[in-house]
Amino acid sequence: MNEWENKQETKVHIVPDPTVSRAKFKPDPTRPGSYLAHPISIRALKKDIFVMGEHLSETEEVHTCPSCHVVEDRQFWHFCPHCESSWPKQTTHNKASV
Ligand SMILES: [Zn+2]
């Protein structure tokens, strides 16, 4: 676990891969510490989110996309990573019941 703690200061490297499902991140088997993600996911992703780490769960904003109705935590994304729609200004505070 020490190795992971040392890496928390480092920005995670994300490699575009169109074969990865949107809004998903797969560890890159050939490059330890890197992830594969769909190019749209990378554009939509708020890059700082990986650095913020533990604070995330406290500010969870679960949100249903009005266009494709996928539920995502909008704090991760600049726009919907599935259909590329912008988030509406108002947040619906739907807690995911998964
Ligand atoms: Zn959407």
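Strand 1 and strand 3 pair in the parallel sense over four bridges. Two strands count as paired if DSSP finds at least two bridges between them. Helices (H or I, at least four residues) and strands (E, at least two) are DSSP runs, numbered from the N terminus. The model is a predicted one: local features need pLDDT of at least 70, side-chain atom pairs count only at pLDDT 80 or more, and totals for chains, interfaces and linings use all residues. Residues are numbered from 1 along each chain as its sequence is written.

Strand 3 (residues 34–37) also pairs with strand 2, here in the antiparallel sense and over two bridges. K26 stands opposite L36 of strand 3. P27 has Y35 of strand 3 as its bridge partner. Strand 2 and strand 3 form a hairpin, with six residues between them. In the turn, G33 has a positive phi of about 90°.

Together, three strands form an open sheet in the order 1-3-2, with mixed pairing. Strand 1 (13–16) and strand 2 (26–27) stand at the edges. Each has a single partner strand, so one side of each is left without a neighbour in the sheet.

The chain as a whole holds three helices and five strands. From the N terminus on, these elements run α-β-β-β-α-α-β-β. Buried residues make up 13% of the 98 residues in the chain. A residue is buried if 20 or more other C-beta atoms lie within 10 Å of its own, exposed if 12 or fewer, and partly exposed in between, with C-beta atoms placed from the backbone. Two residues are in contact if their C-beta atoms, placed in that way, lie within 7 Å. Among contacts between residues at least 6 apart in sequence, 33% join residues at least 24 apart.

The chain averages a pLDDT of 79, and 67% of the residues score at least 70. Helix 1 (residues 2–7) has the lowest confidence, at a mean of 52. Helix 2 (residues 39–44) has the highest, at 95. Where pLDDT is low, the predicted coordinates should not be read in detail.

T64 lies in strand 4. T64 counts as partly exposed, with 15 C-beta neighbours inside 10 Å. T64 and R74 are ten residues apart along the chain, and their C-alpha atoms are separated by 8.8 Å.

The loop between strand 4 (62–64) and strand 5 includes H69. Phi of H69 is near 65°, a positive value in a residue other than glycine. H69 is exposed, because 9 other C-beta atoms lie within 10 Å. S67 has its place in the loop between strand 4 and strand 5. S67 counts as exposed, with 12 C-beta neighbours inside 10 Å. Leaving aside neighbours within four places in sequence, S67 is in contact with C80, C83 and S85. S67 and S85 are 18 residues apart along the chain, yet their C-alpha atoms are separated by 6.9 Å.

C83 is found in the segment after strand 5 (71–73). C83 and S67 are 16 residues apart in sequence and 7.3 Å apart in space, C-alpha to C-alpha. Beyond neighbours within four places in sequence, C83 is in contact with C65, S67 and C68. C83 counts as partly exposed, with 14 C-beta neighbours inside 10 Å.

E84 likewise has its place in the segment after strand 5. Phi of E84 is near 70°, a positive value in a residue other than glycine. E84 counts as partly exposed, because 14 C-beta neighbours lie inside 10 Å.

Notes:
pLDDT = per-residue confidence, 0-100.
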